Amino acid sequence: MSAHTLSPRSSTESLQSSSSTYSIPDKLAPALSSPMAWEGAELDPAQYIVELSRSEVDNIRAAVVGFKLQRLPRSEISQRTFPLAAELTRKLSGVSKELHHGPGVVVLRGLEAARFNDEEAVVAFAGVCSYVARERATDSYANQTLSHVRDATKEVVPAWAKDIGLAGSKITAAMDFHSDRFSGDILAMHVRNDGGSGTGGGQYVASFWKIYNELLRTEPGVLETMAEADWPFELKQKNQAPHLELGPTLFFSRGKPICQLVKAPLLGSPRIQRDTSMPKVSDKQMYSMHVIQNLATRLSTKLDRKQGDIQFINNLSIMHAREAYQGTNGKASTRHLLRMFLRDPGNAWEKPSRFRNNFDDPFTPGRSQQLPIIDMDPWRAISGRESHG
């Protein structure tokens, strides 16, 4: 442990707050005893995989056909326009409870049997998600609701886009453990193509609540650094200089720790460099990110994945990471996931009052929702203000 990270206060003095307002560094919440505080070996796939029966898959397929017959825009997908049977509705509602009060990770399995085409897959993904968490986030920077996580590194970059760069969701590099900052409560991803055996791209999850408990015991100073509101986030702006936003990477919601740590807007990414006008992160902050990455790696588990899965991850309490991946024979990878961020008003955690607007912004009522079937423009449609893109 480096001496400069040690807190001048004892860990006992740090265990104070159960407030839903922003907690200053000397008021960390107590250790957590919860199904959400797990380490890798404790999260059994049998615990988080929810299998769809053949009749339930047929029900979803019928709902897709029914929605298409209504000739509505995809932004109108909801429980009202995508009706499912009562039993399946209850099953999907239970997924939300597991995400908010259980281990925070659920994989819905079985949709591959429906053999959806690209349009049907987007409709099915949004329709099923509306029963887990009915609110969809839309990124104000890119006006993007559904994004395509895929390899765009082999595509010719247009002259007008040469200085933009590709977001993390469009490249094949590995990603360290992170939570997507102010993007939404729940991360949902639909595995359209897993890229094939032996090509990489494995996904990992780690409980930040377990990491939090470990740090309370060993290095509370790291948590205090995370809770300080001086992390220098670079927010990209369209056609103008980037904006500096200072804020914490650790929040609290009635005693629940919320992690919103992502490195891209703090350090830059392989294809989107940090502007030289931005201040650098401090030594304490660099050390904290190093400690969190090491702990997350040690306490993580590889997500059990099959083609057709819909993965749900609590983006406030569970960190996620990705292995590097590649295509075959010099071609682009076929790995392809659909991604949305969601919120379930019935189970959503109260947000700290000082930063409530940041957490709520993606769910601003009336914002235009775009759910593109095919990702035709990976340069312009970059959501990268505070998440990895």
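**Notes on the predicted model**

1. Both Tyr-212 and Phe-252 are buried. Their rings form an aromatic pair of the edge-to-face kind, with 6.1 Å from centre to centre and 75 degrees between the planes. The pair links distant parts of the chain, since Tyr-212 belongs to helix α6 and Phe-252 to strand β10 (residues 250–253), 40 residues apart. Please keep in mind that this is a predicted model.

2. On the overall make-up: the protein has 10 helices and 15 strands. Of its 389 residues, 55% count as buried. Among contacts with a separation of 6 or more, 83% are between residues 24 or more positions apart.

3. How many aromatic pairs are there? The count comes to 7. In one of these pairs, the ring centres of Trp-209 and Trp-349 are 5.6 Å apart and the planes are at 25 degrees; planes under 30 degrees apart count as stacked, so this pair is stacked. Trp-209 is in helix α6 (residues 208–218) and Trp-349 is in the loop between β15 (336–343) and α10 (356–360), so the pair ties together parts that lie 140 residues apart in sequence. Buried means under 20% relative accessible area. Trp-209 is therefore buried, at 5%, and Trp-349, with a relative accessibility of 5%, also counts as buried.

4. Further aromatic contacts deserve a mention. Phe-182, Phe-251, Phe-355 and Phe-359 make up one aromatic cluster. Two arginines sit over rings: Arg-181 lies over the face of Phe-233, 3.7 Å from the ring centre, and Arg-335 lies over the face of Tyr-325, at 4.8 Å from the ring centre.

5. Which residues have the most contacts inside the largest nonpolar core? They are Phe-208, Ile-211, Tyr-212, Leu-223, Met-226, Leu-250 and Ile-292, in a core of 60 residues. Helix α9 (residues 283–299) gives the most to this core, contributing 7 residues. There is also a second, separate core of 38 residues, and Ile-60, Val-106, Ala-121 and Leu-342 are among its members.

6. Helix α7 (residues 220–227) is mostly covered, with 8 of its 8 residues buried. The buried set consists of Pro-220, Gly-221, Val-222, Leu-223, Glu-224, Thr-225, Met-226 and Ala-227. Of these, Leu-223 and Met-226 are listed among the residues with the most contacts inside the largest nonpolar core. Glu-224 is 197 residues from Lys-27 in sequence, yet the C-alpha atoms of the two are 8.6 Å apart in space. Lys-27 is placed in the loop between α1 (11–14) and α2 (45–48). Its relative accessible area is 41%, so Lys-27 is partly exposed.

7. Helix α4 (residues 86–101) has 16 residues and reaches 22 Å from its first C-alpha to its last, close to the 22 Å expected at 1.5 Å a residue. Which residues of α4 are buried? They are Leu-88, Leu-92, Val-95, Ser-96, Leu-99 and His-100. These residues lie on the same side of α4 because they cover an arc of only 130 degrees around the axis. On the other side of α4, Glu-87 and Arg-90 are exposed. The cover over the buried residues of α4 includes α3 (54–70), β2 (105–109), α5 (118–132), β6 (186–193) and β13 (310–314).

8. Arg-115 has a phi near 50 degrees, a positive value in a residue other than glycine. Arg-115 is found in the loop between β2 and α5. Exposed means over 50% relative accessible area, so Arg-115, at 71% relative accessibility, counts as exposed.

9. The second case is Asn-329, where phi is positive at about 55 degrees although the residue is not a glycine. Asn-329 sits in the loop between β14 (318–322) and β15. With a relative accessibility of 77%, Asn-329 counts as exposed.

Terms used:
Residues numbered from 1 in each chain as written. Predicted model: local features only at pLDDT ≥ 70, side-chain atom pairs only at ≥ 80, totals over all residues. Heavy atoms only, no water. Helix = DSSP H or I, 4+ residues; strand = E, 2+ residues; numbered from the N terminus. Expected span 1.5 Å × (residues − 1). Buried < 20%, exposed > 50% of the residue type's maximum accessible area, 1.4 Å probe, protein only. Arc of directions from axis to C-beta. Contact = heavy atoms within 4.5 Å. Phe/Tyr/Trp six-rings, centres within 6.5 Å; stacked < 30°, edge-to-face > 60°. Lys NZ or Arg CZ within 6 Å of the ring centre and 35° of its normal. Core = buried A, V, L, I, M, F, W, Y, C linked by side-chain atoms within 4.5 Å.
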